[in-house]
Each structure stands twice: as C-alpha cells, then as structure tokens.
Amino acid sequence: MSEKQTIMKTLENQRAEFALLCVKNIVAAYSKEEKEKYKGNVKKIPMLIKTNGLGNTLAFMRSRKEHKLIYDHLSNWLRKPENPCKTLPEGKDLLEFVISESSPVYRHVTKELIALLTWMKRFADSLIEGEAHD
C-alpha cells in the first residue's frame, strides 16, 4: 500500500471515529424525538449542500435551532488538526470561514464535510432507532 493510500485510509478512519463519537453523544444525551430529528437532518444535509452549495446550507443550518448540533459537529471536525482542509481557526465561525476562503479551499471543504456527513448518516442509521424526522 502506498503512503498516500495509507494516509487516506487513516483519514477515513479518523472521520469514522469522529462521526461515531458525535452520534454516540446524541444517543446518550437526547430524547427519542430529538434523536430522530437529528437522524433526519443528518440524512438530508448532504443533498442540501449538493443542491444549494455549502455556504447557503451552512447559513440555513446556522439559522435553525434543530441543525445547531450538526453545525457544531462540522465546525469541530474542521478545527481538528488532522483534517485535510485548512483548519478552522478557534473562535471563527464556520460559515464566515467558508465564505472568506478561495474557491479551491471552498470546494475542498465542501468535499470534506460531505465525506464526514456520509459517516454520520451511517452511524445515525445504525444507532438511532425509529424513523428519521425533519
């Protein structure tokens, strides 16, 4: 296995570990209804990003109380030094960071957050019982 493949696998594992921790925290701390809403929101956000763009989706998420947890999870992932994107500076808002960056960074952050959300969806499906609610 090449060094690049090893790094990619490690990064994928880190995404999975982070996503699992996020979903486990939701499972442990929230009511059944809140968990089902979280599950539904995690499932729809990647399509919102693909349809409306990352900036628009983050603005929507930031304005909605029920999306705040996911917004915070995405922010926390980008603050981790091992993420492949330009690290989100401590104290800087995710939306402000994204819209102030160059187009290549914006695209890279978009791909990275969709990759993380893919893991979050998988774990939400497997760990949160019940139907997803919007």
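## Val 109 and its contacts

Val 109 touches Leu 54, Leu 78, Cys 85, Phe 97 and Val 98, leaving aside residues up to four places away in sequence. Contact means heavy atoms within 4.5 Å. The residue is found in helix α6. Helices (H or I, at least four residues) and strands (E, at least two) are DSSP runs, numbered from the N terminus.

Is Val 109 buried or exposed? Its relative accessibility is 2%, so Val 109 counts as buried. Buried means under 20% relative accessible area, exposed over 50%, and partly exposed in between (1.4 Å probe, protein chains only). Lys 32 and Val 109 are 77 residues apart in sequence and 31 Å apart in space, C-alpha to C-alpha.

## Basis of the model

This is a predicted model, in which local features need pLDDT of at least 70, side-chain atom pairs count only at pLDDT 80 or more, and totals for chains, interfaces and linings use all residues. Residues are numbered from 1 along each chain as its sequence is written, and side-chain values use heavy atoms, with hydrogens and water left out.

## Helix α3 and its cover

Helix α3 covers residues 54–63. Its buried residues are Leu 54, Gly 55, Thr 57, Leu 58 and Met 61. Seen down the axis of α3, these fall within an arc of 165°, so they line one face of the helix. The arc is that of the directions from the helix axis to the C-beta atoms.

The face turned away from the buried side of α3 carries the exposed residues Asn 56 and Ser 63. What covers the buried residues of α3? The cover includes α2 (32–52), α4 (68–79), α5 (94–100) and α6 (103–127).

## Ser 75 in α4

Ser 75 is found in helix α4. At 5% relative accessibility, Ser 75 counts as buried. It touches Leu 88 and Leu 94, not counting residues up to four places away in sequence.

## The whole protein

The protein has six helices and zero strands. Buried residues make up 38% of its 134 residues. Among contacts with a separation of 6 or more, 69% join residues 24 or more positions apart.

The C-alpha trace spans about 40 × 35 × 30 Å along its principal axes. There are 23 positive and 18 negative side chains, and the centres of the two sets lie 3 Å apart. Lys and Arg count as positive and Asp and Glu as negative; His and the chain ends are not counted. Each charge is placed at NZ of Lys, CZ of Arg, CG of Asp or CD of Glu.
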